[in-house]
Each structure stands twice: as C-alpha cells, then as structure tokens.
Amino acid sequence: MRSALFSRSSRRGWLKQGAALSLTAAGSLRAFAQPQTALVLGDQAGGLRSLFEASRALDGAPFAYRWANFQGAAPLFEAQRSSAVDTAMAGDLPVLAAAVGKTPLKIVATRVGKADSLGIVVQPDSPLRSVADLRGKTVIVSSARGSISQYQLYGALEEAGVKREEVTVKFVLPTDAAAAFASKQIDAWAIFDPYYTIAVQQGGRILRDGRGINTALGFITATESSLADPAKRAAIVQFLDRLARAGDWALANPEAYAQAYSQLTRLPIESSRIITARASVAGRPVSEADIAALQTVADRSARDGILPVRVDVRAITDTGVWKRPA
C-alpha cells in the first residue's frame, strides 16, 4: 500500500493536473522587514495567506510576519507544538487532537465555513453507491488520526448503520492520497477542501458530504508562549482584527478572492471559486455557542475512540484575548 500511495509517477501525475498546493519555502515566507514584534502565521494549503493577500488586510500591520504553509493540520500542529509557529488555523477535531497531544495552545477565534467543504469520494465508475457499501472496504482518511475527515467518516458510518470495525481505515497525508486517488489506487477517500473539490472535478463521485455531520467551524489557535509575551499577544490581537476585516472583504468580493486564491495555489479558477465560496472566512471571537458545539465534537470523538480522552474545551479556550471592535 505504501509503495503505491507514495509512487513518484502518481505524484507527478497529480501535480500535472494543476494541484500544486504545497508552496515553495520562498513563496510562502515573507521576510521580516524591520526589527519589530514578529509572528509566524501557520497556514494550510495557502488558504489563509490567499485571503490576506487578496484583501490586503495585513498591509501596514504594526508587526512583522511570515507565513508557514502545511498541507494539513497534523504537520501544522507539530510545528505549533514545537513553538515554530505563533498561530495556527484548523477545523474543530484537529484542534482537539492537538490538545490531546499536549500542544501548548489556546483557541482565540472562530471561523465559520460550510459543511459541504468535505466528504467521502469514490471513483466515477465505482460500484460503491452508498455509505453502507463501504462494509468490508478500505477508506483512506486524510490527513491523520483526529482529522475532520475521520469525524465525517465515522458520522456517516453511524448514520448508515455500519460498524466502524466493518471498515478498514488508513491515514495518508492529502497530497500523497490525492496522487493515489488520481491514479485510481484508492477506492474511497474521506477528504476536505481544497483536495475534495479537486478530486470531484477530476471525476470523483461524492458518496456523502459533511452536511449534518460536521460543525463547519474552524478555529485560530495561538501558542501559549506567544500569548504570554505581551508584545506578541498584542500582535496576535492585531492579526485577529485584520482576520475579521479580511473575512468581511472576502464575503463582499467573492470573485476577487477566488482569483487571488487561484493565483497563489495555482489551482484552476473554476476550482478556486468553489473552494473559496465555502471556505471558513468569517472570523469572530469565540462564543459560548462555539464552545458548546466544539464540546459536542470532543465528547462524541472520545465516545467513538477518535480521541483517546475527553477534552475540556473551555480549558483550552481563551475568550479574553480578542474582542472584536464594534
């Protein structure tokens, strides 16, 4: 399985189809311009950076910054665990999984997207017609244990009356799984945007999307050591103010946002329009409703064995960091 999923030919084939989502170091990092407070902003597949570059919401920021881009939440939180990034952006379950893994983080803001930005896809000619047909099959989940895709898959299996032990689940990082899916080495794949949209546009058929299962909430987390530094804490507040401004701009200018995302990720504009239309762009301070929704995910994930222990969401949330200006 490993040799097939990580074959060079499959990876080349994926890249040729326009999904060059892992940005080069030179392209994803902005040099610190002057000796001032500096933040390293963790990103996934260029999603956050494209939002800021399109909206120009970071222009004139009173802090220096650079982007650190990752293909999924698992490697991003590895970087946050080692304090290599000051902030990170991820969906609900990856944040909980990072907390279980002792990543020193606090949730400081909420982002709202759409639950149809992820799903389970199969090959266009697959005999699999429903989630119930996954009995006895292997499903690839991206990116790692504790991903939003794992939560979506388990929710879909429960809905269809399929026991989790009746399905073989394997975890593969998105770009490697994408190459394998494109070369038809994967029958069923639980995945999130932008990889999800690309797979569908390349002929993949949706077996079940995340509507009715996933919360569609994402979260910005800050490293505890960064929050303990007064200068960095102030810079993070400024960053969150500008994140809200960027989200407002994206909602008001969907085509310009899609064009900027396409230019940064090198994805076709048709794919970019779909991805950005359902992306988590609206930013807000963490509400009591957000904490309750995330606690439901935490409790269910502990019940289902996705997480080894229950996470107390309030304990990993700091609602005092950011209060959005009126």
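Is A298 buried or exposed in this model? The model is a predicted one, and in it A298 is buried, because its relative accessible area is 0%, where buried means under 20%.

A298 is found in helix α14. Apart from neighbours within four places in sequence, A298 is in contact with L96, V311 and V313. The C-alpha atoms of A298 and D312 are separated by 7.8 Å, with the two residues 14 apart along the chain. Helix α14 also holds S301. S301 counts as buried because its relative accessible area is 0%, with buried meaning under 20%. The contacts of S301, again leaving aside neighbours within four places in sequence, are with L93, Y151, I306 and L307.

The helix crossing comes next. The axes of helix α6 (residues 92-100) and helix α14 (residues 288-303) come within 10 Å, and they cross at roughly 65 degrees. This crossing of α6 and α14 is right-handed. On the α6 side the contact is made by D92, L93 and L96, while α14 contributes L294, V297, A298 and S301. Sorted by class, the residues of this contact between α6 and α14 are five nonpolar, one polar and one charged.

What does the fold as a whole contain? In the protein there are 14 helices and 11 strands. The chain has 326 residues, of which 55% count as buried. Among contacts in the protein with a separation of 6 or more, 80% are accounted for by residues 24 or more positions apart.

About 620 Å³ of space lies in the largest cavity. This largest cavity is lined by 38 residues, and those closest to its centre are M89, S117, I148, D193 and S280. At least two lining residues each are supplied by α4 (47-55), β3 (87-91), α6, β10 (217-223), α12 (254-265) and α13 (269-277). By class, the lining of the largest cavity has 19 nonpolar, 14 polar and five charged residues.

Most residues other than glycine have a negative phi, and most peptide bonds are trans. The peptide bond from D193 to P194, however, is cis, with omega near 5 degrees. P194 sits in the loop between β8 (188-192) and α9 (195-201), and D193 is among the residues closest to the centre of the largest cavity.

Positive phi values in residues other than glycine are found at S83, where phi is near 60 degrees, and at A216, where phi is near 70 degrees. S83 belongs to the loop between α5 (73-81) and β3. A216 lies in the loop between β9 (205-209) and β10.

Key
Residues numbered from 1 in each chain as written. Predicted model: local features only at pLDDT ≥ 70, side-chain atom pairs only at ≥ 80, totals over all residues. Heavy atoms only, no water. Axes fitted to C-alpha atoms, helices over the stretch in contact; angles between N-to-C directions. Helix = DSSP H or I, 4+ residues; strand = E, 2+ residues; numbered from the N terminus. Left-handed = near helix turned anticlockwise from the far one by under 90°. Contact = heavy atoms within 4.5 Å. Nonpolar A, V, L, I, M, F, W, Y, C, P; charged D, E, K, R; others polar. 1 Å grid on protein atoms, 1.4 Å probe; cavity = no way out; pocket = protein on both sides within 12 Å on 5 of 7 lines; lining within 4 Å. Points joined across faces, edges and corners; volume = space filled by probe spheres on them. Buried < 20%, exposed > 50% of the residue type's maximum accessible area, 1.4 Å probe, protein only.
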